Each structure stands twice: as structure tokens, then as C-alpha cells.
Amino acid sequence: MTLAIVLAAGTPAAGLTTATGEPLADRLAAQLRRAGAAEVRFAATLDEFAALADSATGPLLVTGTDLVAHTAVLRHLATSPVGPTVALVLSDPPVPGRTAVREERGQVVDAGAVGDLDGDATGVFGGALRVGVDDLPTLAAAARAATAGLLPVATPFGPAGDVSPLSPGDGGGSGAPVAAGGPGSAVDRLFAGLAGLGTLIFAQRVRLLVAHRVEDAAGLAAAEAAVTAVDEDRAELRLSVKEKDDFFSTYFVSTWSPYVVRLAARMRLTPTGVTAISVLFALAAAVLFGVGGRPALVVGAVLLYLGFVLDCVDGQLARYTRHFSAWGGWLDTMADRAKEYLVYAGLGFGVSHAGLGNGWALAIAAMTLQTVRHMTDTWYGALHDEAARRPRSASGASGGIGDRLNAASTRVQADTGSLSYWLKRTVVFPIGERWALIAVTVALFNPLVSLIAVLVWGALAFAYTGALRTLRARWMWVPVLDTVDATLHRDDGPLARRLPVVRPMGPLTLAVIAALGPVVLLVAALLSDTPDGLRWAVPVALLVLLAGGLGAGAAHNGPLDWLVPAALRAAEYLFAIAVGVVGGVPGWLIFGYVFVLTVHHYDLTARLEKRQAAPPLHGATLGWEGRSVLLALAAIADIAGIGMATLGAYLLVVFLASAVLAWFVRPARSARASAAPLGAGGVAPR
């Protein structure tokens, strides 16, 4: 249940009345109810607010009494999927008494008086925020610190709750952080205090809709006129489209997909339902690519394009209807990759079926390359988020090539719509461009040309992004793996966790060495006329592979250790492919096995992005080294095909069972437990 609190203390606009004659605070309360709040309370002081925050059991919506905005703005804040604690951030120029904000990568990384931000302010606090359950104790602490005349120390990586007394001239005993020129409203002091206590706060920007903070009747009248002038539903539909998307999506999909979104909403389709339909389109396209023949290839290309449109529509529909869920986000991530790799399978089969070459080898290469690329994308994103949260002095020294690259990237990203902006977004080969390239090449040429084009562009994009990110990462020097469960995201099993630790070499060096054995074995098998004769080399390659486990217990705090998970993924995939080639396993079976591995690893990366716990049955997946040992034993016993099929089927069953447990069984149990009547002593009866 979401509780909303309207905090009136210190707001000059508290006594203003709207054009309809009702108090502005009462209208805000009504808007908060329409935005999804189950209950709205008023707090006259920060002490009263702290008591309400202590009693809250769900997310908390907080506003001052000076906000004039569309109800949709508050609804977007209440339902934002970006994180548990989100603040409304406006582009209005900073003024005395308001809290200025510095935002990076969608996170509030600094908040306070304009002068305190050294000219780095990117916006101002909009007077409203949603606070997640886990952050409620910190919110109450910030309120009490403000009441006691204490100032939170802005040390986000120090002990939470550090405070210092207000100095003379800071507003006396009026509260915590204050904006230049005056103490500011209670909601400003509360927000700045929450940020100062190290809370991770995401920024909710207002786009197309209207939100302003007002101080007098003239400002109120102007803000109300601006709100009335906007068609809220039309703006909501336009807001369903991502603000910064890729070139193909922007100009060949989003120009007309909002009409599909409105139709889907009227038909009461859910985002999950649209995702399912898009999977069917991609599957049909993959089948047609495998069948071959010009008509089938052209129809398949059209279906692939329509499937991608629906892939965009599901997210747009979720934003338009505000139907977000962790399950939906996870399913969308898994479905996107499953669709793409099913298309690769169809293309690979089509190449082999038409006698154009070894299509399965190309499909396996494309899938492996794309997965390893995605692993680096995920971890580099996590690294960049960590760098944004830390004080600038801790993120790397100024100057140098990394600093210049970072500044150049920021300039290009800010120059929206320019040639350099679109080149930067296109050269990295995002999903829209991949699907467009496949559709065009397969319709005009054949599946072989399509797979080769995907591999060439993908490899070039990987080299480009890898080189630039390596330079920037060395400049940032942020040990991102220190902030997560490295063992989980390395996908270590029981064997790797028991291996001795070789600290001097570092986990990245060991992971790269681990990939060398499978690479040599695979190259030798591909060049050999009798790859079966290389079975003796499988245990040798396995021993080299297991070197990656020697870094499992080491600290992953090097500037490039964010590459470790991707290097281990590459090592495991290459070893599985090499074992398949040596063991004479059919190409489709090797593809299927690696596909199951990618599904498992995308599950881990999806959880990393949301900082969620491990899958329920993660321990049963055996770890990258355990799976590799079993494959090696199967190859030595000359049953590589049987071993790969059995292990792949087992992993798929574990993945499906884990998904059912995580998204259906456990939530249902929790719901039943929370709804169970309490027995004597406050204990639920059994």
C-alpha cells in the first residue's frame, strides 16, 4: 500500500487557492489519490512527518504544497520502474530556497544549494519524491536531523546517518541542508538530507507535461494555465516512446508505433501479451528463413520487421498504461534474446539447407559474439553507474585520454539529432540496426549474406566499443565488482570456489588465460581433417580453462575487472563448441546447448541490472567449471553428443523451474503468508 504525505512546513504557497477555489494542498492530495496513493496524510512539521514515515509499510510519496503539475506527472513518479527511490527533477533555473541537483546517468549524485554544486547543477528538485521501503529509515533520520538542526554529511560511501551541527547562518535550528538565500521549504531540506545520507536516488524528469513550483498567486495562475494548455493523453502517448532511442527505432518504428500502442490499450492487451505476439512473429520469420526461396525470405523479412515493431510496442504500452513489474521487465529481456537467437537458428538452418555452407557454425558464432558483447555492455553500465555515484575525486584523476574521451562522449550525447550523435548510436550495432540489417540482407540476398553481415558489423562494433570503454574504465578506476556478489555473476560453481586463489595475476588475467585453451583446441579441431583424433587434447584444454577458477576468491577491484564475467562466458562457450567439434556433435545440437547457456547467463545479467538476488536454483546449475568438466568427461568417453544433449536438457529444466519458483511460487507464498490471520501472540497459525 502506497502512503502519500503532503509536507506543508516552510512552504510560502501553503495558503494559496486554485482557480476553482480549493486550497492548493487539497488539490495535490486529490491528485496523489488519482496517481495511486491508497491514503494521503498531511504533516505540519518534520517531527510529525518522521513519525508517519516510521509507521509506513510500503513505498511513500512525499510532496510539498507548492507543486502545480499534471496528475500524470505524479503517476509517473509513483510508478517509475527505474528504482525504489525517485525524485522529481525540473529544468527550471535554480532559485534561492530551492535545492539544486546534479544528475548523471539518471541518478541524483549531488544535491544542495546552487553555490555548493560549483556550477554543475543540471536541474532543481521538483518538490516531490517516492521513497522505497528500504530507504524509509534513512528518510525518517533525515527528517529528525533537520528538526534537530543537524546537517547530514554528504559522504555516500561513508557510514549512513553521519550528521554535523548547522553552522551559524545556516538557518539556525530550522533543519538540514538549506539552499542559498534562505532555509527553503521542509521538503527541500528533507530531500537534500536524504541525498546527503547516501541514499541512491533516481531522477524523474518532466517531458511534454508540465510541473512547476510556485510561491505566489501570480505564479500559481501561470502554472495552471500551462497545465491546462497541454493535452495530457496525447502527451502520455508521445511519452510512451523512449526519449533517446536508436536511429532505426526512431525513424522507422516510433513514427507510427504509438498508434499501435493506443489500439493495444483499447483492446486491453497487456505488455506481456504483446511480447508473446512478437515472439510468434520472430519464430515465424525464423521458420521462413530456414525454408528458403525468395517469397519465403521476403515474407520472413517483413514478419521480422513487424516483430521488432511489437518488441518496441510492449515497452511503449507499459509506459502508456503504467503497467510495470519486475516479472515483465525480466520476461522482456529474456524474450528479446530468445527471439534474436531463434532468428540466427533459422538463418543457420537456411544456409545449410540451401547448400551455401556451414550455417550452424555461423549462427553459433553470431550468438556467441552477441552474448559476450551484451555481457560487457551490462557490466560497463554497472561500472558507469558506480562511477556516477562516487565523488569525482574518487572516480579517477582529471586529465588524460580517458577524461577527454568522457568529455567528448558527453558532448556528443548532448547534441541530440546531430550526425555525430546518430553515428555514435548506430556504429555500436544496437538491436534495431541488427534486425534491420537481417531483414534487408535476407530479403535482397540470402541467409548466408545476412549472417556474415551480422558477424562483420558485430565484430567491428565490439572492437570499437571495447577499445573506448577500456580507456575510459582505466580513467574512472571504479571496482564495480566490489559492490555485487562476484561469485554469482562470475557464475562460479563449487569447484571454482574450492580452488586456491592466485592473487598476483588478477582475476581478469586468469579469465583470459582460461579462454586460450578452448581457443587453441577449437582452431586445431576446425583445421584438422580428423578432429576426433584430438580427444586427448580435451583434458589439456580443460585444465587451462580451470585457470579461470583460480581468481574466484580474489578481489575484483582492478580498473578492467568488469570484463571478467564476459571473459568467462567466452571461455565456457568456446570450450563447449570445441568439445562439440572434436566429438562430432551436430551443429544444431551445439547451437542448442550454447543457447541454453546464454539464457542462463542473461537471467543473471537481468538480475544484476535490478540488483536482485540469485535465481532460486542457481546452485543446481553447477557453475561454468562444473558444466565444462562434465562435457570434457563426455568427450573423453566418446559420448559428447549424448552428454551435451543431456546436460543442455537438464539446464533448461533447472532454468524453467527456477523461473517458476522466482516469479510465481514464492510471490504466491509470500502473499498468502502476509494475508494469513494472526494467532495468539501475533503469530500466523500453521
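Contact means heavy atoms within 4.5 Å. The legends below use the word in that sense and describe a predicted model.

**Figure 1. Overview of the 686-residue protein.** The predicted model has 25 helices and 12 strands. Of its 686 residues, 51% count as buried. Among the contacts with a separation of 6 or more, 81% are accounted for by residues 24 or more positions apart.

**Figure 2. Helix H2 and the elements around its buried residues.** Helix H2 spans residues 46–55, and its buried residues are Leu46, Phe49, Ala50, Leu52 and Ala53. These residues line one face of the helix, because they fall within an arc of 165° when seen down the axis of H2. An α-helix has 3.6 residues a turn, so residues three or four places apart point the same way.

**Figure 3. Ala186 of helix H5.** Ala186 has a relative accessibility of 0% and therefore counts as buried. Ala44 is 142 residues away from Ala186 in sequence, while the C-alpha atoms of the two are 9.6 Å apart in space.

**Figure 4. Glu39 of strand S2.** With 31% relative accessibility, Glu39 counts as partly exposed. When neighbours within four places in sequence are left aside, Glu39 is in contact with Met1, Thr2, Leu3 and Ala4. Glu39 and Ala29 are 10 residues apart along the chain, and 9.2 Å separates their C-alpha atoms.

**Figure 5. Thr18 in the loop between S1 and helix H1.** Helix H1 covers residues 24–34. Thr18 has 6% relative accessibility and so counts as buried. Neighbours within four places in sequence aside, Thr18 is in contact with Pro23, Leu24, Arg27, Leu220 and Glu224.

**Figure 6. The contact of helix H11 with helix H12.** Two packed helices are described by the angle between their axes and the distance between the axes. For H11 (residues 294–321) and H12 (residues 326–353), the axes come within 12 Å and cross at roughly 170°. H11 is therefore roughly antiparallel to H12. On the H11 side the contact is made by Leu304, Asp311 and Asp314, and on the H12 side by Asp332, Asp336, Lys339 and Val343. By class, these residues divide into two nonpolar, no polar and five charged.

**Figure 7. The contact of helix H21 with helix H22.** The axes of H21 (residues 537–545) and H22 (residues 564–582) come within 11 Å, crossing at roughly 175°. This crossing angle makes H21 roughly antiparallel to H22. H21 contributes Val538, Ala541, Leu542 and Leu545 to the contact, and H22 contributes Ala571, Glu572, Phe575, Val579 and Val582. The contact has eight nonpolar residues, no polar residues and one charged residue.

**Figure 8. The aromatic pair of Trp330 and Trp663.** A pair of aromatic rings is described by the distance of the centres and the angle of the planes. The structure holds 20 aromatic pairs. In the pair of Trp330 and Trp663, the rings are 5.7 Å apart centre to centre, with 40° between the planes, and the pair is tilted. Trp330 lies in helix H12 and Trp663 in helix H25 (residues 640–675), so the pair ties together parts that are 333 residues apart in sequence. Trp330 is buried, with a relative accessible area of 7%. Trp663 also counts as buried, at 15% relative accessibility.

**Figure 9. The aromatic pair of Tyr421 and Trp422 and a cluster of rings.** The ring centres of Tyr421 and Trp422 are 5.0 Å apart and the planes stand at 75°, so this pair is edge-to-face. Planes over 60 degrees apart count as edge-to-face. Both Tyr421 and Trp422 are buried. Tyr421 and Trp422 also belong to a cluster linked by ring pairs, together with Phe247, Phe248, Tyr251, Phe252, Tyr305, Phe308 and Trp435.

How values were computed:
Residues numbered from 1 in each chain as written. Predicted model: local features only at pLDDT ≥ 70, side-chain atom pairs only at ≥ 80, totals over all residues. Heavy atoms only, no water. Buried < 20%, exposed > 50% of the residue type's maximum accessible area, 1.4 Å probe, protein only. Helix = DSSP H or I, 4+ residues; strand = E, 2+ residues; numbered from the N terminus. Arc of directions from axis to C-beta. Axes fitted to C-alpha atoms, helices over the stretch in contact; angles between N-to-C directions. Parallel < 35°, antiparallel > 145°, perpendicular 65-115°, else oblique. Nonpolar A, V, L, I, M, F, W, Y, C, P; charged D, E, K, R; others polar. Phe/Tyr/Trp six-rings, centres within 6.5 Å; stacked < 30°, edge-to-face > 60°.
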